[in-house]
Amino acid sequence: MSKIEIRTAQASEYETFRTVFAAAMMFEPSFDELSAELFEPERALVATDDGKVIGTTRVLTRDLSVPGAVVDAAHVTSVGVLPTHRRRGVMSGLIGRQLREVPEAIAVLWASEPAIYGRFGYATSSWKVGYEADLHRVGPPNDRLRPGELGELTTEDALKELPPILRRLQEQRPGVSSRTEPAWRKHLEDKPEDRHGWNALRILVHRDESGTIDGYALWRGKINWTQTGPLNEVLLEELAAPEPAAYKAIWQYLLTMDLSGKLGYGFASVDEALVHLVATPTALDRRLGEGLWVRVTDVPRALSQRRYSVPLDVVLEVTDDLIAANTGRFRLTADGAAVTCVRTEDAADLSLSVTELGATYLGARSLAEFVPTGRVIEHTPGVLSQVSAAFRWAVAPVSLEIF
């Protein structure tokens, strides 16, 4: 009888790791030096069957903006099990060990199959909006723009200029992940074989009146000529424009592209200001989808490292089937930047699991939505409204990439 074991990956197993994950996800593996550089073997787990790797998962070391702060977050990716070893508890073993071992107080991921991750305490914590804009109908921003300048950067210049813009966006909005220098190089990598019919990546930037870059967009074009004339397509891959003038100018540029009829963008927030800039918002054709999933791995530390919209003093009774230290009652007190969360024996005001904490962690969802199904129970009348208001945040979270 075969024996399945789970262990930390070795640096020499990079290609094996990618091959197994690719087979689990049904795509062809590819190998390059940059991807190998981003592989952190000490943060990767493999499941083996008699010594052969049959399952994988790993963590990217990155930080994440949360309400009022930027914190370390385990960015989980490459979760897969070979089809020959399904329904044998391999994934449960990999994810369970990973969650118990990560040093960060929260883990985050994009769910390729949402039904899987709810079993392990993950929950959708943000939403993403996809746009398919009809450029012939939508109408560009038409109010007066503050003087500024648009231009383009080379990849090498972008590696120096863009990270501070992303950091400023993190300071404004939850859900945004940082990138290390190698991660930026991978993100801006533009191999012709990876373009799938689109043109080369363009790096558009906006400079304020002093010449400082204060916003950028990564986009591609695709030629499309019909019998009635040109109907080219624009694909916006990423936009980070913390300053309103940059935001408006970049969108005006993208929405008025010559010879183009359609623009697609898949990572907008639910409160995206674009709808207030165009003449015909219905021409944006918006589609709502799940964004980032959050799993709380250390309840008191996770709750104390974010901020809250209103003062709070509440006892939460939390349950966690995977991490025993998360089960119990915790007193959460918050007043501005002063936040504490400690274990207590006091009576609970509200009962919930780590799943509901993850759902509400980025400030996009209310705990009240879980009451009708009994997943959140109010013990002290009126406390649910107070806690829901405290966890909510003024701006919706947004995640700019699938990692």
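Mentor: Let's go with proline 311, which counts as exposed because its relative accessible area is 52%; the cut-offs are under 20% for buried, over 50% for exposed and partly exposed in between, using a 1.4 Å probe and protein chains only. Before going on, keep in mind that this is a predicted model: local features need pLDDT of at least 70, side-chain atom pairs count only at pLDDT 80 or more, and totals for chains, interfaces and linings use all residues. Residues are numbered from 1 along each chain as its sequence is written, and side-chain values use heavy atoms, with hydrogens and water left out.

Proline 311 sits in the loop between helix H8 (299-305) and strand E17 (312-319); helices here are DSSP runs of H or I with at least four residues, strands are E runs of at least two, and both are numbered from the N terminus. Setting aside residues up to four places away in sequence, proline 311 touches Ala334, Asp335 and Gln386, where contact means heavy atoms within 4.5 Å. Alanine 44 is 267 residues from proline 311 along the chain, and their C-alpha atoms are separated by 39 Å.

From there, hop to cysteine 341 in strand E19 (residues 338-343). This one counts as buried, because its relative accessibility is 9%. Ignoring neighbours within four places in sequence, cysteine 341 is in contact with Val299, Pro300, Leu303, Ser304, Phe330, Arg331 and Leu332. Threonine 212 is 129 residues away from cysteine 341 in sequence, and 41 Å away in space, C-alpha to C-alpha.

Arginine 62 is another one to click on, and you'll find it in strand E3. Arginine 62 is buried, since its relative accessible area is 9%. Beyond four places in sequence, its contacts are Asp72, Ala73, His75, Ser177, Ser178, Arg179, Glu401 and Phe403. Take arginine 179 from that list: arginine 62 is 117 residues from it in sequence, with 6.5 Å between the two in space, C-alpha to C-alpha.

Now for a couple of backbone angles. Aspartate 50 has a phi near 50°, a positive value in a residue other than glycine, and it lies in the loop between strand E2 (44-49) and strand E3 (52-66). Aspartate 50 counts as exposed because its relative accessibility is 60%. Arginine 87 also isn't a glycine, yet has a positive phi of about 60°; look for it in the loop between strand E4 (69-81) and helix H3 (90-101). At 78% relative accessibility, arginine 87 counts as exposed.

Which helix gets covered, and by what? Helix H7 (residues 244-255) is mostly covered, with 9 of its 12 residues buried. H7 reaches 16 Å from its first C-alpha to its last, close to the expected 16 Å, a figure that comes from 1.5 Å times one less than the number of residues. Its buried residues are Ala245, Ala246, Tyr247, Lys248, Ala249, Ile250, Trp251, Leu254 and Leu255. They pack against strands E8 (149-152), E9 (202-207), E10 (213-222), E13 (232-240) and E14 (260-268). Zooming in on H7, alanine 249 is buried, with a relative accessible area of 10%. The C-alpha atoms of alanine 249 and valine 205 are separated by 9.7 Å, the two being 44 residues apart along the chain.

Helix H6 (residues 181-188) has Pro182, Ala183, Trp184 and Leu188 buried. The cover over those residues includes helix H2 (33-38), helix H5 (155-172), E9, E10 and E13.

Zooming out, the protein chain comes to 10 helices and 21 strands. Its C-alpha atoms fill a box of roughly 65 × 55 × 40 Å along the principal axes. With 403 residues, a compact globule would have a radius of gyration near 22 Å, and the chain's 23 Å agrees; that radius is taken over C-alpha atoms, and the globule rule is 2.2 Å times the number of residues to the power 0.38. Of the 403 residues, 53% count as buried. Among contacts between residues at least 6 apart in sequence, 71% join residues at least 24 apart.
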